[in-house]
Amino acid sequence: MAASATSAVRAAPTISRRTLVTLLCLSVVVLFVVFRGQGTLPRDEGAASFQFFNGVRDWVSDNRLTNPFLVVFAGATRAIIAALVDTSIVIAHGIGWPGAVLLAGAAGLAAGGRRLALLGVTGFLSLGVLGLWSESMDTIGLTFAAVVSSLLIGVPLGIAAGRSDRVRQVISPVLDLMQIMPSFAYLAPMTLLFLIGAPSATIATLIYAMPAAIRITALGIRGVSATTVEAAVSLGSTSRQTLFKVQLPLARKMLALAVNQTIMLALGMAVVTALIDGPGLGKTIIKALTHNDVGSAVDAGLAIVIIAIVLDRLTEHAANRVDARPNASDSARAVNRRVARVLLVAGLAASLVSLFVVALTEFPTEIGFSFAGPVNEIVGWVRINLYFLTNPVKDAFSYGVINPLEAILTSAPWLLIVGTFAGLGVLVGGWRTGAIVSVCLVGIAGLGLWEDGMVTLTASLVGVALTLLIGVLIGIAAARSERTSAILRPLLDTAQTMPSFVYLIPALALFSPTRFTAILAAVIYAVPPVIRLVEAGIRSVPLAAIEAGVSSGASPRQLLWKVQLPMARRSLLLAANQGIVMVLAMVVVGGLVGAGALGYDVVAGFSQYEDFGKGLSAGIAIVLLGVMLDRITQGAGERSSAGSARAG
Amino acid sequence: MALPEVERVQTAQADRATGVEPTIAVRGLWKIFGPAEAKIAGSPLLELSNAEFRLQTGSTIAVRDVSFDVRPGEVFVVMGLSGSGKSTLVRCLTRLIEPSLGQVLLDGEDIRAADAERLRELRRRRFSMVFQNFGLLPHRRVIDNVAFGLEIRGDAREPRLARAREMCELVGLAAFMDSYPDQLSGGQQQRVGLARALAGDPEVMFFDEPFSALDPLIRRDMQNEVIRLHHEVGKTMVFITHDLAEALKLGDHIVIMRDGRIVQAGSPEEVVGAPADDYVADFVQDVAKANILTLRWIMRPARPDDALDGPEFPPTTIIRDAVHVAAQTEKPIRVVDGGATLGLVDRRQILGSIAERGARG
Ligand SMILES: Nc1ncnc2c1ncn2[C@@H]1O[C@H](COP(=O)(O)OP(=O)(O)OP(=O)(O)O)[C@@H](O)[C@H]1O
Ligand SMILES: [Mg+2]
């Protein structure tokens with residue numbers, strides 16, 4: 001009986017799905033034509049949610065010193081983190097530039113060798129040469145404080161989640177949500193509780209980076225061979241002994257990766273926190289971006305990229321080192337180690353000296369080079385002389401794609417849109433997905449941000465379409481040619497270490513601040529991981545399947561369309577999911593360069609006192625959009641895996 | 001090398017008959033994986049077949065009402081096809097997997113009643129296990145792997161390293177003590193596993209298909225190694241395998257599992273000579289019976305016209321060992337026990353059982 005019921009359920013959608021979809025599409029079109037312009041939700045500056053959050057803000061500032069929760073939780077947390085980040089920044093500055101450069105060299109030698117040492121030394125020197133020493137030290141200090149606290153909380157949580165299914169079940173959904181939350185969404189709640197400034201910037205950064213620390217640690221613990229753990233238990237080891245003698249040592253490579261990823265994420269976020277008055281290079285970039293001063297933004301962006309690459313390579317090599325066995329015969333290593341020790345001592349000495357010689361904490365201004373002047377000239381030239389090229393592209397996109405889509409989404413009755421997306425959700429992921437999607441959209445309407453939400457959704461959809469088009473094409477090319485893959489790899493590596501802000505700069509250089517600029521930046525930002533996932537997916541198609549295809553006479557083209565792409569379907573959907581989450585995050589950041597809508601609302605919330613409530617609401621609306629888009633793509637992914645399981 | 005098979009069988013049979021206290025006694029052991037486990041005791045659902053049970057409860061019966069005794073000093077082999085519940089059974093004995101129902105007694109002590117502390121104590125000193133996939137610690141040298149059990153039970157550094165060194169020598173790894181596991185071949189890695197299990201001087205050793213990841217030649221070496229160790233250190237061993245040849249080679253007593261239950265238990269020759277059902281018969285049909293069975297299994301009653309002056313053998317003689325004598329005489333061999341003639345075996349029967357490999361029964 002049970003069996004026949006399930007087969008009936010299975011059979012039903014295959015018969016009626018196509019008709020259902022056609023009917024649904026038709027009715028959506030008809031309803032749109034009939035009710036166009038009615039039942040819309042135009043902008044409302046006095047929306048209840050804005051006023052509510054303004055009220056909350058006022059209440060919090062009135063009671064900050066009296067309410068026990070605010071005093072104990074918000075006040076104490078802020079004080080602790082403030083002490084940490086202040087110390088960290090003071091130390092970063094106090095080391096002085098000669099000390100920092102020498103220490104970078106020592107770390108490079110110890111972790112990797114001469115090339116890495118060279119990278120560290122030139123990297124740090126160029127921070128000074130760019131005239132951004134002080135800002136860089138602020139950023140490094142803030143990042144360090146956030147990374148330390150992120151790891152202090154995240155690693156133990158990750159261990160717990162790795163060892164206990166129950167903990168994992170509780171933590172997982174929270175991590176899922178945190179991972180799709182764009183960086184912008186963390187900012188407003190932070191200012192509400194912790195005001196603006198370095199402490200709340202640090203807290204936002206540590207929260208943003210923590211999910212990765214937890215996840216990777218848990219993965220590492222779970223990745224330890226079950227037999228090895230069982231062998232330890234069978235020998236009578238206690239839970240503690242198993243953890244410290246088996247699980248942690250065997251997961252140490254993943255732990256190192258967790259540190260690496262936490263640093264990279266924190267660095268990216270530390271820059272964004274300039275919006276809530278976090279110190280450092282982010283401030284320089286935001287000032288430059290808002291003044292349309294591409295040149296200065298390039299300097300600061302370069303500094304960030306340099307820091308990111310140096311920190312990434314250092315931690316990555318250190319992580320690879322973790323597994324290296326002591327090898328006495330390696331004399332080059334021994335020399336390196338000796339030199340590293342000398343550099344370390346010299347660096348420490350230089351730092352000590354700079355405690356007394358304040359001049360050493362400032363990079364000499366005589367040595368300096370800025371790209372600002374030349375870059376601005378080039379940008380000016382490009383904007384005038386390549387106008388004939390860039391403008392048509394921009395216009396074609398704006399008038400041909402963005403505007404029509406935006407017009408549809410903003411002029412359709414809002415309930416029709418909710419219904420359409422909910423229907424899409426039900427189709428791809430089932431009733432649960434449909435329900436989540438409608439809750440998200442209704443939430444955006446309820447927040448009074450429907451129109452801004454639809455504008456941001458438009459930008460995201462256009463960006464995603466472009467990202468997938470480009471990413472999938474390049475990914476396929478990379479999967480089919482070793483040469484392309486080899487050329488792309490270092491580019492992708494670098495691209496993925498760059499914090500999101502940096503991507504705004506080239507887009508802005510070509511196109512002055514518009515929606516299109518933001519979308520372009522989002523596409524550049526999101527394409528690399530999509531390429532990666534597509535390539536990996538196609539490459540992981542089992543050789544046997546390909547051989548079977550070839551032996552039955554398939555041409556390379558047929559092989560791609562009939563074997564490789566269908567079998568890589570899960571990776572393609574994962575790529576779409578990643579692409580969407582990243583595009584949304586970046587489209588929002590694009591609020592800084594003319595994308596308007598939700599991203600702009602968030603930013604305006606920090607600068608205009610009366611717009612605080614709107615900014616906070618916009619942050620929530622962004623999260624709702626993210627959850628909706630994520631659920632729809634995830635739902636599709638789950639459905640396809642269920643389908644293939646049934647087929648297999 | 002080993003004791004002649006005859007003697008081994010004799011001792012095992014004798015022990016079983018005279019009722020020596022078993023080292024391990026298992027009574028009515030069940031293991032159910034899944035939600036049904038919690039509320040299963042005494043439930044009529046336990047009467048269902050495995051497939052029915054799965055359909056109705058969504059849970060799996062991995063071990064079903066198993067009882068047996070393991071005698072001191074014997075090699076007790078559990079054999080069965082993949083998925084028959086062998087690994088689950090052996091893990092239930094040391095509670096690496098918690099049994100659902102039933103009793104496990106180690107020297108009369110109820111293991112299921114032990115608290116966490118006591119259980120660890122038992123694992124540290126009384127039993128140890130060798131795993132199919134070795135379960136070595138890749139970040140520790142061989143000697144530190146061998147000493148691992150001693151380390152976690154708190155033995156001091158010097159004595160434990162001395163003991164580990166001794167164990168490495170015992171299993172022939174003296175030259176590899178400072179290597180890391182991934183620098184060793186599969187066979188050598190499993191020797192590390194053996195040494196580690198021996199290091200704590202346990203009373204009982206459990207082996208879960210320890211050699212099935214090794215290629216056939218190495219596997220034979222390792223089997224001989226186990227036989228040698230069994231004679232040198234005289235541990236009680238519970239050995240899981242899905243390989244009949246291995247079971248027959250090592251086992252003093254064999255139980256055969258299918259779908260979580262024991263379908264036959266007995267000495268190697270009982271299993272080969274009298275398979276309890278088609279499942280076991282399938283298993284044993286390819287065995288060279290002359291190497292396993294004794295004359296007792298093929299003798300016939302004497303007839304009046306038989307010549308009764310042929311060569312004499314005790315009934316526990318393996319058929320193979322009687323071949324050269326049988327080949328030189330036309331007269332039937334007499335099977336004699338304590339002066340009484342139990343029966344006769346014709347030359348043709350002996351040669352026939354040597355040829356017999358493919359046929360049933
Ligand atoms: N942790 C578990 N959860 C659920 N079912 C399990 C679990 N472990 C084993 N089983 C099931 O119990 C049954 C017996 O498994 P077990 O591993 O004991 O078999 P086995 O005889 O050792 O097989 P193999 O020779 O393949 O090792 C199988 O049906 C298996 O699917
Ligand atoms: Mg098994």
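Student: Which atoms of B:Gly83 and ligand 1 lie 2.8 Å apart?

Tutor: A polar contact is a pair of N or O atoms within 3.5 Å; within protein, one must be able to donate a hydrogen and the other to accept it, and residues adjacent in sequence count only if both atoms are side-chain atoms. Here a backbone N or O atom of B:Gly83 lies 2.8 Å from an oxygen atom of ligand 1. For B:Gly85, a backbone N or O atom is 3.0 Å from an oxygen atom of the ligand, and for B:Lys86 a polar side-chain atom is 2.9 Å from one. The protein covers 58% of the 630 Å² of accessible area that ligand 1 has on its own (Shrake-Rupley method, 1.4 Å probe; for residues, only the protein chains shown count as cover).

Student: What kind of model is this, and how are residues numbered?

Tutor: This is a predicted model, in which local features need pLDDT of at least 70 and side-chain atom pairs count only at pLDDT 80 or more, while totals for chains, interfaces and linings use all residues. Residues are numbered from 1 along each chain as its sequence is written, chains are lettered from A and ligands numbered from 1 in the order in which they are written, and side-chain values use heavy atoms, with hydrogens and water left out.

Student: Which element gives the largest share of the shell around ligand 1?

Tutor: Helices (H or I, at least four residues) and strands (E, at least two) are DSSP runs, numbered from the N terminus. The largest share, three residues, comes from α3(B). The residues around the ligand (a heavy atom within 4 Å) include B:Phe33, B:Thr60 and B:Glu209.

Student: Is B:Glu209 buried or exposed?

Tutor: Buried means under 20% relative accessible area, exposed over 50%, partly exposed in between (1.4 Å probe, protein chains only). B:Glu209 counts as buried because its relative accessibility is 9%. This residue lies in the loop between β7 (204-208) and α9 (216-233) of chain B.

Student: What is the phi of B:Glu209?

Tutor: Most residues other than glycine have a negative phi. B:Glu209 is not a glycine, yet has a positive phi of about 40 degrees. A:Leu195 also has a positive phi, near 65 degrees, and its place is in the loop between α8 (183-194) and α9 (198-223) of chain A. At 36% relative accessibility, A:Leu195 counts as partly exposed.

Student: Why is helix α10 of chain A largely enclosed?

Tutor: Seven of the nine residues of this helix (residues 226-234) are buried, so the rest of the structure largely encloses it. Among the buried residues are A:Thr227 and A:Val229.
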